[in-house]
Amino acid sequence: MSIEDQIRQYIAEYLLFSDNGFEYEDDVSFIKTGIIDSIGVLELVAFVNEIFKIVVPEREITPDNFDSVNRLANYIRKKVTVSEGRTVTEKTSLADSLSD
């Protein structure tokens, strides 16, 4: 599952409580369109930490990093280092992490 797919799935299931998936374009602003609020942003930070094992410093919790599917996916890709020897898709899947 791609990073974008995991973000869409998480937002649809855990923030929008939607059975219809994430029905927005990947560049749509989460905040401006009301998809999520400030608490939702904090939940996304926890999601990034849980699924991708990325500790997000407070100074990086910005619209540039967390305000659309594409922005968040790009942020995650930047934080994953080559030295880990694996790709993001090899990390824990959303379903596996949330079932623990």
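Reply: Phe 17 is exposed, with a relative accessible area of 67%, where exposed means over 50% relative accessible area, buried under 20% and partly exposed in between, with a 1.4 Å probe and protein chains only. The model is predicted, so that local features need pLDDT of at least 70 and side-chain atom pairs count only at pLDDT 80 or more, while totals for chains, interfaces and linings use all residues. Residues are numbered from 1 along each chain as its sequence is written, and side-chain values use heavy atoms, with hydrogens and water left out.

Phe 17 is found in the loop between H1 and H2, helices being DSSP runs of H or I with at least four residues, numbered from the N terminus. Although Phe 17 is not a glycine, its phi is positive, at about 50°. Most residues other than glycine have a negative phi. Lys 53, which is not a glycine either, has a positive phi of about 60°, and Lys 53 lies in the loop between H2 and H3.

Phe 17 follows H1. Helix H1 has 13 residues (residues 3-15), which at 1.5 Å a residue should span 18 Å, and its end C-alpha atoms are 17 Å apart, which agrees; the expected span is 1.5 Å times one less than the number of residues. The buried residues of H1 include Ile 3, Ile 7, Tyr 10 and Leu 15. Tyr 10 also belongs to one aromatic cluster with Tyr 14, Phe 47 and Phe 52.

For the aromatic rings, those of Phe, Tyr and Trp (its six-membered ring) pair if their centres lie within 6.5 Å, with planes under 30 degrees apart counted as stacked, over 60 as edge-to-face and the rest as tilted. By this rule there are 6 aromatic pairs. The rings of Phe 22 and Phe 30 have centres 6.3 Å apart and planes at 90°, so this pair is edge-to-face, and both Phe 22 and Phe 30 are buried. The rings of Phe 66 and Tyr 75 have centres 5.4 Å apart and planes at 50°, so this pair is tilted; Phe 66 and Tyr 75 are buried.

Phe 66 and Tyr 75 lead on to Glu 60: leaving aside neighbours within four places in sequence, Glu 60 is in contact with Asn 65, Phe 66, Tyr 75 and Lys 79, contact meaning heavy atoms within 4.5 Å. Glu 60 is found in the loop between helix H2 (38-52) and helix H3 (63-66), and Glu 60 is buried, with a relative accessible area of 16%.

Technical notes. Helix = DSSP H or I, 4+ residues; strand = E, 2+ residues; numbered from the N terminus.
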